[in-house]
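Take a look at the sequence and the structure first, then read on.

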Amino acid sequence: MTGRSTRYAHAPWPAALPAALAAIAVLFSACSGGAPRPEAAPAPEPGFQLAPGGTLVLAVDASGGLYPLPPPETGSVPAEPVSEPFPIAVSAATIQPIVGGAVVAINRKGLSRLTIRRSAPDVAASVLIEPIDGAAAEFDGRTVAPSWGSGGDAVFLLYRHPVYELAERRSPASVTIAATLDRARIVRPGLGDDAFAAYPRAPGEWLAQYRTETTERVTTAYARLSLESGEPETIRTSPVTREDFERLVAPEPMERAPEALRAAVAAIGGPVLLEARLPDGSRRAFVRGDPGQAAPAWGHLYGDRACVATDDWRVVLADGASGVIVDPSPVPPYPGATVRDAVLLEDALILLWEAGSFPYLWASGLVILDAPRK
C-alpha cells in the first residue's frame, strides 16, 4: 500500500464515554441558555477622552482636522508641521463659547462644534469636535478674525488680508457668518463687504474698520454699527473719525474689569494687557501697568467664574462663588508655542495655541484642561 499513512488513536470505550457525555451536556446547556455568557466589552465613547483633572492636547492637520498629540514631556511634535504666513495657514483661528459648547473656526477650512459629555462626576469626559455645515465655502481666500457672540450665535468676520493673501480677490472681500452648534449662515449685510476688523462693544453694537481697494488707491474708514429691531433686522452705520475710533477701542484700566477677571489677573504678576470675552458676547480690553511692557493675555468671564491666560502659559482660573484661585500650569504642547485665546466652558478650560515666528505659523491647536465646577 503506497501513499501517506495516518494513525488514529482510539480511547477505550469506558474511558471515552464520560468525555462524550460531558461534551453533550455542555452542548445542551449552551443551547438552553444555562451557561453564563461572557459580557460584551463596552463600546468606546466617541470623541477624544479627557481624564478627570487631566489635559488633552490637540493639533490641527493640513486638512483642518484635529488629532491628539502625545504628552509634551515626550518631546513629540505635530506630524504635519506647516510654515506659512498666519493669514493663509490652515490653523485654529478662534473659538467662541455659546450655550452647549463652543464653535471653533479653522482658518481656510470652516467651523466645527466642540461639545463635552460627562456621564457622571469624576469620570472621563468625551470631547467631540464635529463639522458645522452652511458656510465652509466662504473660508477660501479669506482670513478669520477674532470671534464674538450675538443673540446666542457665534459670529465670525472673514476678510481679505491686504498683505499675505495670494488667492484671487473674492466678491465681496469680507463676509460675516453666524453659527449655532448645528448650522452656520451668512449674515447679510453683516458688517459690510470691506470690513477689515470688528470690535463688539455691547450686544448689537460694534466698531468696525474698513479697507477698500481700487486700482488707484486704498481707502480706510471707521464706523459705529448698531443693530435695529424690525422685520428684517437692519444695521445702522454711523461714520466715526480715526481719532474717535482709536479712543473707543483703547484698553480700559484693569480696575474697570469685572471682579472675577480682576481676581484672576491679580494672581498673575507684572503688567498685563487683557482681551476679555464678556457674558453678553462682547469683547473688551483692559490693561494693568505700562501697555508697552504688558504681557498679552486672554480671558473669559463665565457666570461667576473667570479664566485668564497669558501668552507665556501663566493660566489662572478664579471661582467667584468660592473664592478659589486655581493655577493649572499647563506645559506648552510644542516648542515655542504661545497661548492665543482662552475660553471657559462648564466642564473645561480651553486654550487656543500656536507656534511660529511672525508672520510664519508652524503649528496650532487646542489645549483642553478638565475643569468641572465642584
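## A buried pair

Let's start with Arg-277 and Asp-341, whose side chains come together in a salt bridge with N and O 2.5 Å apart. Keep in mind that this is a predicted model. Arg-277 sits in strand 19 (residues 272–277) and Asp-341 in strand 25 (residues 338–344), so this pair ties together parts 64 residues apart in sequence.

Are the two partners buried or exposed? Arg-277 counts as buried, at 2% relative accessibility, and Asp-341 is buried too, at 3%.

Next up is Glu-252, which forms a salt bridge with Arg-284; their closest N and O atoms are 2.9 Å apart. Since Glu-252 belongs to strand 18 (residues 252–253) and Arg-284 to strand 20 (residues 283–288), the pair ties together parts that are 32 residues apart in sequence.

Glu-252 is buried, with a relative accessible area of 15%. Arg-284 has 21% relative accessibility, so it counts as partly exposed, because buried means under 20%.

Asp-194 is partly exposed at 21% relative accessibility, and Arg-169 is partly exposed at 36%.

## The wider count

How many salt bridges are there? The count comes to 16.

Note on methods: Residues are numbered from 1 along each chain as its sequence is written. This is a predicted model: local features need pLDDT of at least 70, side-chain atom pairs count only at pLDDT 80 or more; totals for chains, interfaces and linings use all residues. Side-chain values use heavy atoms; hydrogens and water are left out. A salt bridge is a side-chain nitrogen of Lys or Arg within 4 Å of a carboxyl oxygen of Asp or Glu. Buried means under 20% relative accessible area, exposed over 50%, partly exposed in between (1.4 Å probe, protein chains only). Helices (H or I, at least four residues) and strands (E, at least two) are DSSP runs, numbered from the N terminus.
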